[in-house]
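The sequence and structure are shown first, and the description follows.

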Amino acid sequence: MNDKLVNIVFILLLVWLVSTPCAACTTFMLAHDGESVVGKNHDWMVDDGLIIVNKRGVLKTAAYGKQVKGRPAEWVSKYGSVTFNQYGRELPSGGMNETGLVVEEMTLVETRYSEPDSRPAINSLQWIQYQLDNFSTVAEVIASDSNVRIISGMGAGLHYFCTDSKGDSAVIEFLNGKQVCHIKDSLRFNVLTNSTYTDSVSFFEKHEKKEPHPMPIGNASSSRFIRAASMVEKYNLESSKPLIDYAFDILSNVSQGIPTKWRIVYDLKNFRIYFQTYGNPQKRFFDFNSFDLSCEEPVKVLDINVNFKGDVTYHFKDYTRQINYDLIRKSFKKTSVFNDLPEAVLKRLARYPESNLCTQ
């Protein structure tokens, strides 16, 4: 395959990839007595993934191509982060940075990103990495819309749930080409599924008015939102169970069984991240502050399906292009619309992170 055709397929891949990375997920924030956690169910057809320690002081240019109108975003990472990646390094589905900012994505079919304009562009998964690299607060994430735009693509888009160490949360959506945010008084519930936030709250309010109003069952976005929001409210009113345990209870309640590949809980106070996977349901965790975030040191990674339990902090190993390629190859092979991609395209995606340079 010639270089021009590889480039075209690569860009089409990025556009399609970021359109439907997560079929039906649930994210929430639970806070109590000065502590807060964020929980996320990652529901998808692929279980493979890497947990990646990303470094500060790295000069980056967004994954892009000549076929996309405009210019790619460029930045130097201010903060280190830990992310959960399924389709390669620099394209995370979510993560937390060293300041305690958490950003997670969920599919939203109503998404419509803005048309090309004077702002530099980035794809909707790398947008997560951009936020974690650059900002410490929800307010900064929201304000970044004036500096960068998400590439408009085909199919479903994403909306985002963000929380910072101050306890602020936001739902960020892109509707009719404009950023729409729900924060503070307009954020009644710190919960997000796969409907617009406005519709989700409407579902909950209609449920409240029913007499009696038994808890809805099933995997619909509205049902998962109502159950998760109800459990968050219930904890604040009456539960004395530890936050981490209760967060996993919520994730279990809104689990979809086999499609729920990962369960992740971020402890924002103690900078500890817990996770379970469908293939290994044992609860594992690692301590964020144990990692060296200088870009002069090797990037560390961990197979999310590692066959251990408990503390896995010291099972992270040095990143290599081969590790990235192996993940990309497995994940794309298991993704029906991508399982016959040319090797040249997969290899290009695997080596993309090497275009980023340490500035320290």
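**A buried lysine**

Lys-40 is placed in strand S2, which covers residues 35-43; strands (E, at least two residues) and helices (H or I, at least four) are DSSP runs numbered from the N terminus. The model is a predicted one, in which local features need pLDDT of at least 70, side-chain atom pairs count only at pLDDT 80 or more, and totals for chains, interfaces and linings use all residues. Residues are numbered from 1 along each chain as its sequence is written, and side-chain values use heavy atoms, with hydrogens and water left out.

Lys-40 has a relative accessible area of 1% and is therefore buried. Buried means under 20% relative accessible area, exposed over 50%, and partly exposed in between, with a 1.4 Å probe and protein chains only. The side chain of Lys-40 makes a polar contact of 2.6 Å with the side chain of Glu-104. A polar contact is a pair of N or O atoms within 3.5 Å; within protein, one must be able to donate a hydrogen and the other to accept it, and residues adjacent in sequence count only if both atoms are side-chain atoms.

**A buried glutamine**

Gln-129 belongs to helix H2 (residues 126-134). Its relative accessibility is 0%, so Gln-129 counts as buried. Setting aside neighbours within four places in sequence, Gln-129 is in contact (heavy atoms within 4.5 Å) with Asn-54, Lys-60, Ser-81, Thr-83, Glu-90 and Pro-92.

**Aromatic pairs**

Across the whole structure, a search finds 19 aromatic pairs. Rings of Phe, Tyr and Trp (its six-membered ring) pair if their centres lie within 6.5 Å; planes under 30 degrees apart count as stacked, over 60 as edge-to-face and the rest as tilted. The ring centres of Trp-127 and Phe-174 are 6.4 Å apart and their planes stand at 85 degrees, so this pair is edge-to-face. It links distant parts of the chain, with Trp-127 in helix H2 and Phe-174 in strand S12 (residues 169-175), 47 residues apart. Trp-127 counts as buried at 2% relative accessibility, and Phe-174 counts as buried at 6%.

Phe-286 and Phe-316 form another edge-to-face pair, 5.3 Å centre to centre with 70 degrees between the planes. Phe-286 lies in strand S17 (residues 284-287) and Phe-316 in the loop between strand S19 (310-311) and strand S20 (317-318), so the pair ties together parts 30 residues apart in sequence. Both Phe-286 and Phe-316 are buried.
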